[in-house]
Amino acid sequence: MLNSKKKLKSTAAAVGRTDSGLFKVSQSKISKWRQCRQAYHYAHVEKIAPKRKSRPLKFGGIVHDMIDADIKGQNPFKKLKEIGKTNEKLFDAEREMYGDIIKDVGYIMDEYFNYWDARPETIDYMDIGKGKDKFKCEAPFEVEIDKGYILAKGRIDAAGKAKKLKWLVEHKSHKTFPKPEHRWRNLQSVFYIRIFDMMGWGSLDGTCWDYIRSKPPTRPTILKAGGMSKAALDSLPSVVRDVAKANKIAERDYADVMKTQMENRATWFQRVFTPVSKDIIEPVMKDLLDTSREMADLHGTSRTKTFGRHCEWCGYAKLCAAELQGHDVEFVKEREYEFNEYEAEKEELVED
């Protein structure tokens, strides 16, 4: 069993409720319940999380921290350096999983900021909240969506003005950009737009999906005869520039490769503005509330496994595999997982 000293602080917390008896829900909690109740049980009842985060989760967390720093007027690359220094031993130990993640993020985010600074889709980030409780990003919310019964908690990435409208801004990292159908069925955007209004922060016109590709940029090949290969390359200008510099290649000798990679930046960064129909919000919220009530009634008792493609990126797949193959589940828990209430709340089924 996991360390018995690491237990929830109260019986209320153990059943997913506040001390006043309200059942707590979040967007990720609801999504996990709908996708797989066994995964939900591990994350929100047992409150365990993988000791090692997957690369998509680690990458996404670093990118969020850098964008938050930039929104607040801080230096995002100083933030990246701090993250690298703090996690140096972890990244070295998990290099097979993460690669050189700090260098990858550095290249990608350098291009991200340069790319959007030169384009018309620039977002004017808004203050969220009123008075002393103003946030530029990561705005916390806590509101009863079912009076006396269901409490919604979470954080909103950011909100901003663009195209003469106001948008919920969602920063998302993926290996490839999601298809359009991913957006219309996404629960988080409608949920957060409604919450934004319930908190008294104002009305939003839709969601700006700020997509960033997370794959490591490919480094161009250096030919034996000298010079840079002109074969097809999925990379970024800063990577090409650094490789050329390290191999003492004159700028004129790789200008065509650089031109191609400048144009290639559009495949790495994308902002999609999706207006929301006011007629859609209430039906979605009603379904969400029905799910929340079901969660409140069955929390801690329902552990139905739902198998599907999502198992490929679920952080709890090893536990299900151990159980189905007749292995020692408790041993796998002890070796691969830890009691970590905060990380368990953040652990999501991430497709990347």
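Me: Why is Cys208 called buried?

Reply: The model is a predicted one, in which local features need pLDDT of at least 70, side-chain atom pairs count only at pLDDT 80 or more, and totals for chains, interfaces and linings use all residues. Residues are numbered from 1 along each chain as its sequence is written, and side-chain values use heavy atoms, with hydrogens and water left out. Buried means under 20% relative accessible area, exposed over 50%, and partly exposed in between, with a 1.4 Å probe and protein chains only. Cys208 has a relative accessible area of 0%, so the word buried applies.

Me: How do you know that the sulfur of Cys36 is too far from the closest cysteine sulfur for a bond?

Reply: A disulfide is a pair of cysteine sulfur atoms within 2.5 Å. The closest cysteine sulfur to that of Cys36 belongs to Cys320 and is 5.7 Å away, which is too far for a bond. A search of the whole structure accordingly finds zero disulfides. Cys208 is in no disulfide either, the nearest cysteine sulfur, that of Cys137, being 15 Å away.

Me: What makes the pair of Phe141 and Tyr192 edge-to-face?

Reply: Rings of Phe, Tyr and Trp (its six-membered ring) pair if their centres lie within 6.5 Å, and planes under 30 degrees apart count as stacked, over 60 as edge-to-face and the rest as tilted. The ring centres of Phe141 and Tyr192 are 5.6 Å apart and their planes stand at 75°, so the pair is edge-to-face. Phe141 lies in strand E6 (residues 139-146) and Tyr192 in helix H10 (residues 187-198), 51 residues apart; helices (H or I, at least four residues) and strands (E, at least two) are DSSP runs, numbered from the N terminus.

Me: Why is the aromatic pair of Tyr316 and Tyr337 called stacked?

Reply: Tyr316 and Tyr337 lie 5.9 Å centre to centre with 10° between the planes, and the pair is stacked. Both Tyr316 and Tyr337 are buried.

Me: What makes strand E8 largely enclosed by the rest of the structure?

Reply: Four of the five residues of strand E8 (residues 158-162) are buried, so the strand is largely enclosed. Two strands pair if DSSP finds at least two bridges between them. E8 pairs in the antiparallel sense with strand E3 (residues 124-125) over two bridges, and with strand E9 (residues 165-174), again in the antiparallel sense, over five bridges.
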